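Please read it with the structure open beside you.

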Amino acid sequence: MKTLKYFLAITIVSFCSCKKFLETPQTSQLVLSAFWKSASDAELGVAGIYDAAQVAFEEDYWAWGELRSDNFVNNERPSANNQQIITNQLTSSTAGADWSDLYKAIATANTAIRNIPAIPDFPRKNQLMAEALALRALFYFYAVRVWGDVPKITEPIERLDEASNISRSAVTDIYKEIILSDLAKAETLMPTARSINNMSSGGILALKAHVYMWPGTHQNYATARDAITKLEGLGYRLETTPAAWLNIFRGPENSNEIVFALAWNFIQDGGNSGIGRFSPAEPNLVPSEALDQKWKAAIPGDFRNVESGAFDIKIVPGVEFPYTRVLTKYSPRFLDRNLQSSWGANNDRDIIFYRLSGLLLLKAEAENYLNNPSGAIGLINRIRAARGLPLVGTSITDKTLIRNLILNERQFELMGEGHRFWDLVRNNVVLEVMRPINGMNDQKKILWPIAQNVLNRNAKIKQNDGY
Amino acid sequence: MKNDQSGLRAFMYCLIFLTFILPASHLFSQETTSLVKGIVQTDNDAPLTGVSVFIRNTKNNFTAGASTDSSGIFTFSRVPSGGPYSFTFSAVGYETQTLAGYNIKNDITLSLVVKMKASAATLDQVVVIGYGTSKRRNVTGAVVSVNEREISQRSPTNAFEAIQGQMAGVQITTSSGAPGDNAALRIRGVSTFDAGANPLYIVDGQPFDNIDNLNPNDINSIEVLKDGSSAAIYGSKSANGVVIITTKSARKGESKVNVSYLRSYTKARIMPVATTNDRLKFEKFHGIIGDRADVDTFNQQFYNNNNFQELMYRTAVRDQFNIGVIAGSDKTKIYWNTGFLNQQGVIRTTEFMRINSRLNVDHIINSRITMGVRTGLSYDVQQNIDQRFEADLIGVLLTKAPFSTIYDIDGSFLINNDSYRGRENPLMEYSLMDVKKRNIRGNLFNYLEVKILKDLKYRANLGVDFNYERNTEFFPGFVRSGSERIQSNFYSSLGWNWIHESFFNYDKTFGDHEISAVAGFSAQKWGQPEERISGLLANTLVPTLNNATEILITNTNTLNEDNHSLASVFGRLSYNYKNKYLLSGTIRRDGSSRFGPENKWGNFPSISGGWRFSDEPFMQKIRFIHDAKLRAGFAVTGNERIGNQDYAVQLTTGNFYNGINGVGLSSRLANAAIKWEETKQSNIGLDLSVLKGKLTFNVDYYIKNTVDLLANQPLDAATGLRDIRVNLGNLRNRGFEFAVQATPYNRRGLTWRTNFNFSTNTNEVSRLASGVPIVTSSHITKEGSSLGSFYGYTILGVFAYDQSNAFTPDARQLTPTFDPAGTFINYTLDGKVYSGEVKKITVVGQTPKGGDFYWKDNNGDFRIDELDREILGNPYPKYFGGFRNEISYKNFSFSFLFDYQFDVKVYNTFMQELSQLRQNAPTPPKYVLDHLWKGPGDTDARFPGGSRRIQNQLGTNAPTSYWVEDADFIKLRNIKLSYNLPVNVGKRFGVTEMSVYGSVNNALVWTSYRGFDPEVNVAGSVLSAGVDNARYPRGREFIFGINVNF
């Protein structure tokens, strides 16, 4: 009976401690309530925004800005998704139509923007706050250009009732209330002039210029021009040799010409599959032949042009496989197909958002629209001179001709950097250029469709016109 | 690296040797004074083996036990004279008999001849139910059991193989033929989406999530609690059913040493593949990869015609050895068994080894207190077996160009450039890589039982289970791709859990009334800390991280996330009147650390009743009915296998940017109200026994309604969050089960026993969170249809001509007509010339021509896209079951076991992938090559013409109707012939019982399925089951074994 009493005692004790017994905290997980307390938390939280940006841009940066343009064509065996983008057959299931990843980056930024001010003052507080604001502006700038009206979310969501369905806000509101105001705040707070892989004054000014160049009620060429002029004063330099120019992309990726690049590290982030798709291994994407010809005609012997050469794939009969051009900006051309394929999967090239050369050409665009043709030509020739290429004649004054000259120069200089489609849209020539290539003839199709995945999850979101 | 295993193997052979030469009989022989012996037979004089005989002196309470040998003979060698003695004879399937009033005189041998009557089937059999036992006669739920003999039918290596096909409503699918691989057990279908569909396992009272390491030799019986009313006493873990396993223990007076050994040889099935000739033809169409000779040349290489399967497979040997001691005295019962298993895989360099040891001890301290322990230990090693590589490897074996070279002239491996599927030389690869999974598992379970009053017992259980896993992987650079780096991965985890249970049993009979009650509580806690580390190595000289140049941080982490705890109180009350009217109710209240603060505790009640109408007066005239009982029950059961922290807002680490390990948001929103899934189960059944128990039927019908289904409710994408875990959604399973056991013939020493079972199951999703279908690349789960159905495109055939892609606006296909020169003239519709608008189907911007697939355009927009996907079938069988027969004559016994499944589909993704006909593609299966489009006018073709590069223009992983195949099968799982040595022969060698047998596993398969095997894994996510991505092949196994008792 003694034993029985002993066990009964255990029984009673066990019951008393039941509430505590049912709590099993996880030591390897971080809970929200324990975070955003210190300076180092802020550093980690802001790094989290960049990481979310990597996810959002890894593939879609190219889908949005590059593949819809006249730069690349499909080979015989395209991925269905590339096929849809390049042939202008976007559907609600095309990858790139889904804003979930971009909005996750926005949510991460929202959390930082809400929580950093409450952390007791520390030296890098303004820096981190400015980075978070600038990144949020960047994300929304992409959102409005890809989908037009988008939901306006600026606060973190922590409970189900806050996550109830949110409708789309007008593009003008997004510019006014988020993009422009975030940029203005970021510009004032930002203490750092230049930083390649983080937002700095340079990055903020570049984004600001880009935003003010973009059509809309806020468009202002002078502001854009002034922002780039201010940026030029921060110490960026154009590379002057072909080898140095190539090193911007192939590494060490620390050129003085880069204004903002999203860093990539294989060990930490895995391969950059977006850039990997330019690898000619499969090959999935082939630089367009028309572009090659236009380029050769415009600037004979330009070292920036895509390379031609055969793959180690023998075809019987040979006519079936005419694609022999490769974008070698990011990768060397391998003779061994396996090595090439491995590079595609294992590369960790940074995504370069803004470079000085691109920004100077953007400024040229502004000068042209501000009726300063010689200023515009001068800027083109600054690039040509730095690259050691023949200069453009200064006698041209026709606005359209200069616009086309700038567009071409941007296309050559920024091939494969995710800008060409935006350039066409910004200058309102997208239908003109793309109609002969993929039959794009509908202004409404400039915007992307909204993914079925997004529509399913919020009944208030309606599909874009044209889809 | 393999030395540890070969050492163990040598040790095992030593043990086998020692055991057989040891004069075991001398060790256990005893002096005799007065002898009682006898023979036990059936009513038709056949000897009965394994009858337990119990002798008791009614005056001084002297007791002893024994059991009969294969000749039906039992012996008590030292019985004190006096008396009166009573003898009790009991055996499964026979009525217990007691002979009383024997007085034994000194030095006089008493001889008995006893005839046992077959009992009314198994009605008096004791069935283990939750926290107690019950007579089969009084069971009101749906409980099915298998005994030792049925378990040993297939000479299994694990408990799942042991019961496959033997229980109605229980479907077991082994995932592959890899040695050491486990299986999925599904009871009455699947009643969850992603909370885990495995049942709860209870081994001797200790709960487990899996029983992979259990030695089937240790199992005495397996009971499956299928319906809610019998399972509900396990509360929030019971919704998927409960499997109760009882390990062996000694009987009073028993004393024996058991040794068994088997050896088997397994051969894998060789699939027909393309020959060199076929491959060359294929390459003529598709071009060549790499700097290789043109197919049209007389290059010597093309004289090679390797069959890679034959090179990679081998006849695999299995050795399995067990040695055990079973001894029972008045006060102490001991069961000890150690088993060794060494099993080669049919793929070279793959191997599995396991050692188990079990010690079960029960001791009666005094008339009130009993204590006992159940200890199980196991260690196992799996060599080079990993699902991640199997599909690739098997793909290479089937598709690598047969003229590819493997060995250099000097016998060393050759890396060749024909890198179809990125694998240069599979033989080399498997000989270089070293993937090892080691597992040490132990469980200790103690109990104490105190008899407080005559009818009231108290029992306390304390159990600990731990499981240490260590996986090491070493890949020299060559493995997987010529350019990959040298890599080593390490993983280890320590899973542990403990349980404490205390409960009271009260059993009382007042006249015709019988009451049985249980009440108690339990507490259980789990944890599983784990580490993972990966590194790139400088070279292959040292395969560990001492040689590392870089640690791969994205694959390096330490987790401690699996902590969780469960506290419960439970009770049961059963009542019966004259064994005729039966009523039982249970209740359990569970609190779990997994449940959100708003739903910390849940209640799980059940009620069931039975009516033995065969005992009613009006039934007495119906003579042929021996026993008949109607059963019905209802219960609320739960599934608590949800996330551990679904209720708390989580942040994530590992969001690296530029050297900083950033903190990011979880894509899931926390839900403070998260709780268990609740399944309401109703069961109605009939047990019928006719012709004096020679024929019994069990019929059951059930409905399982799962409500509060755990689901991921998608959130507005603009929140940046993916979903929230909610209890929302309904799923209904319904089914019918039918089982017959019969002894059609039992005369003159010849006995034929047979049992057959048949089950149906259908399920329907009646409500989904937000109504949004769950669509994966190959499956869909949507309201109004079965869960996890295949979802893809239908192919109607191949366009015979370029002009065949022509339709009327209302989607009727037009027939093109041609002049004798082959020039297109016009279209006809129903024999008349058609001049209206002609519509053409487009696929991703392209217009299919002659020799391209004719896809079904479901929405009539002439554009094949996502919206044209439809349900192509379901991976869960509608009908399944098994059929077992055993015929014994004198010392011989012959048995065989079939199982089958019908109305089931498998997505043969492996074959679909192989028949893409891409430019750098592997050789398609022979079946595809034989049915390619040959040119305009080929109306019989099933696959696109050879020069079409992409067969699946949609470029999706979605299934096509071609490769969602019928996976119906009937398998002859096993045939077994065994011979029992006559006792008088064995006695000369000190052997009391000995049997030898030969057996064949996986003897025959009848199926129309084109892949390796229609039995395809249903483990993993229940929403995307039935995908055949080429797993380790199953082989036909020939077994020879011997079993000896000393």
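Predicted model: local features only at pLDDT ≥ 70, side-chain atom pairs only at ≥ 80, totals over all residues.

1. Residues are numbered from 1 along each chain as its sequence is written, and chains are lettered from A and ligands numbered from 1 in the order in which they are written.

2. Chain B contains 12 helices and 60 strands, where helices (H or I, at least four residues) and strands (E, at least two) are DSSP runs numbered from the N terminus. Its radius of gyration, 32 Å, is close to the 31 Å that the globule rule gives for 1046 residues, so chain B is as compact as a globular protein of that length; the radius is taken over C-alpha atoms, and the rule is 2.2 Å times the number of residues to the power 0.38. The C-alpha trace of chain B spans about 110 × 70 × 65 Å along its principal axes.

3. In chain B, 45% of the 1046 residues count as buried (20 or more other C-beta atoms within 10 Å of the residue's own, with C-beta atoms placed from the backbone). Of the contacts in chain B between residues at least 6 apart in sequence, 69% join residues at least 24 apart, a contact being two C-beta atoms, placed from the backbone, within 7 Å.

4. L185(B) lies in strand β12 (residues 183-187) of chain B and is buried, with 26 other C-beta atoms within 10 Å. Leaving aside residues up to four places away in sequence, L185(B) touches F160(B), V170(B), I172(B), N198(B), P199(B) and V243(B).

5. An open sheet of 3 strands in chain B has the order β36-β40-β39, with mixed pairing; strands pair if DSSP finds at least two bridges between them. β36 (668-669) and β39 (710-714) stand at the edges with a single partner strand each, so one side of each is left without a neighbour in the sheet. β36(B) runs parallel to β40 (residues 723-727) of chain B, joined by 2 bridges, and L669(B) stands opposite I724(B).

6. In chain A, the axes of helix α6 (residues 100-115) and helix α7 (residues 125-147) come within 9 Å and cross at roughly 155°, the axes being lines fitted to C-alpha atoms over the stretch in contact, with angles running from 0 to 180 degrees between N-to-C directions. That makes α6(A) roughly antiparallel to α7(A) (over 145 degrees). Residues that meet there include L102(A) and I106(A) from α6(A), and L133(A) and F139(A) from α7(A).

Key
Buried ≥ 20, exposed ≤ 12 C-beta atoms within 10 Å, placed from the backbone. Parallel < 35°, antiparallel > 145°, perpendicular 65-115°, else oblique.
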